[in-house]
Amino acid sequence: MDCLFCRIMRGELPAKKIYDDQDIFVFEDIRPQAPTHVLIVPKKHIEGLDKASAEDAEIIGKCHLVAAQIARDRDIEDGYRTVYNVGPGAGQSVFHLHLHLLGGRPLGWPPG
Ligand code: 5GP
Ligand code: ZN
């Protein structure tokens with residue numbers, strides 16, 4: 001699959017890997033927007049949340065649980081955010097499903 005995140009997961013492009021299991025790959029965002037900014041990516045190529053189906057429910061849930069564990073490990077549980085940008089209007093720029101985990105600084109609401 002000629003997709004940026006599929007290529008990263010295959011090791012064809014470098015990334016700072018944080019976690020890897022049979023279903024999920026996690027790495028540091030190249031342009032961090034907070035002291036912790038990691039991307040939690042299902043290994044299955046799903047273009048975005050809007051393209052996910054019922055069979056993806058388990059992996060989507062697992063992405064969130066991995067995010068919560070990383071937040072625990074990094075001691076950012078005072079306040080963190082998990083975000084799916086869905087569609088160009090929300091800033092999605094890579095069309096392989098990925099959950100952003102942001103934390104380590106105060107996070108305003110609503111987001112921009
Ligand atoms: P989106 O805008 O689709 O919600 O999120 C894509 C994210 O991927 C952005 O936060 C962007 O900084 C990150 N990103 C884009 N290209 C690369 C890359 O080559 N390596 C890494 N580690 N992150 C990337
Ligand atoms: Zn992909």
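**Cores, zinc site and pocket**

Student: Which residues touch the most other members of the largest nonpolar core?
Tutor: Glad you started inside this predicted model. The largest nonpolar core has 15 residues. Those that touch the most other members of it are Ile24, Val26 and Ile40.

Student: Which element supplies the largest share of this core?
Tutor: Let's look at the contributors. At least two residues come from each of β2 (24-28), β3, α2 and β5. With six residues, the largest share comes from α2.

Student: Which residues does Ile40 touch, leaving aside those up to four places away in sequence?
Tutor: Ile40 is one of the core residues that touch the most other members. Neighbours up to four places away in sequence are not counted here. The contacts of Ile40 are then Ile24, Phe25, Val26, Cys63, Val66, Ala67, Leu97, His98, Leu99 and Leu101.

Student: What is the arrangement of the four donor atoms around the zinc ion (ligand 2)?
Tutor: Cys3 and Cys6 each coordinate through SG, and His45 and His96 each through ND1, at 2.0 to 2.3 Å. Along the chain these donors follow the spacing C-x2-C-x38-H-x50-H. The donor atoms subtend angles of 101 to 117°, so the arrangement is tetrahedral.

Student: How many residues apart in sequence are the parts that His45 and His96 tie together?
Tutor: Nice one to trace on the model. His45 sits in the loop between β3 (36-42) and α2 (57-73), and His96 in the loop between β4 (80-83) and β5 (99-103). The pair therefore ties together parts whose separation in sequence, in residues, is 51.

Student: Which element gives the most to the lining of the largest pocket?
Tutor: This pocket holds about 880 Å³ of space. Of its 32 lining residues, the closest to the centre are Asp29, Arg31, His37, Leu39 and His100. Two or more lining residues come from each of α1 (4-9), β2, β3, β4 and β5. With three residues, the element that gives the most is α1.

Student: How much space lies in the largest cavity?
Tutor: The count of cavities of 30 Å³ or more comes to one. Its lining includes Gly48, Tyr84, Gln92 and His98. The space in the largest cavity is about 40 Å³.

Terms used: Residues numbered from 1 in each chain as written. Chains lettered and ligands numbered in written order. Predicted model: local features only at pLDDT ≥ 70, side-chain atom pairs only at ≥ 80, totals over all residues. Heavy atoms only, no water. Donors = N, O, S within 2.8 Å, 3.2 Å for Na, K, Ca; no water. Tetrahedral: all angles 85-135°; square planar, octahedral: opposite > 155°, others 65-115°. Helix = DSSP H or I, 4+ residues; strand = E, 2+ residues; numbered from the N terminus. Core = buried A, V, L, I, M, F, W, Y, C linked by side-chain atoms within 4.5 Å. Buried < 20%, exposed > 50% of the residue type's maximum accessible area, 1.4 Å probe, protein only. Contact = heavy atoms within 4.5 Å. 1 Å grid on protein atoms, 1.4 Å probe; cavity = no way out; pocket = protein on both sides within 12 Å on 5 of 7 lines; lining within 4 Å. Points joined across faces, edges and corners; volume = space filled by probe spheres on them.
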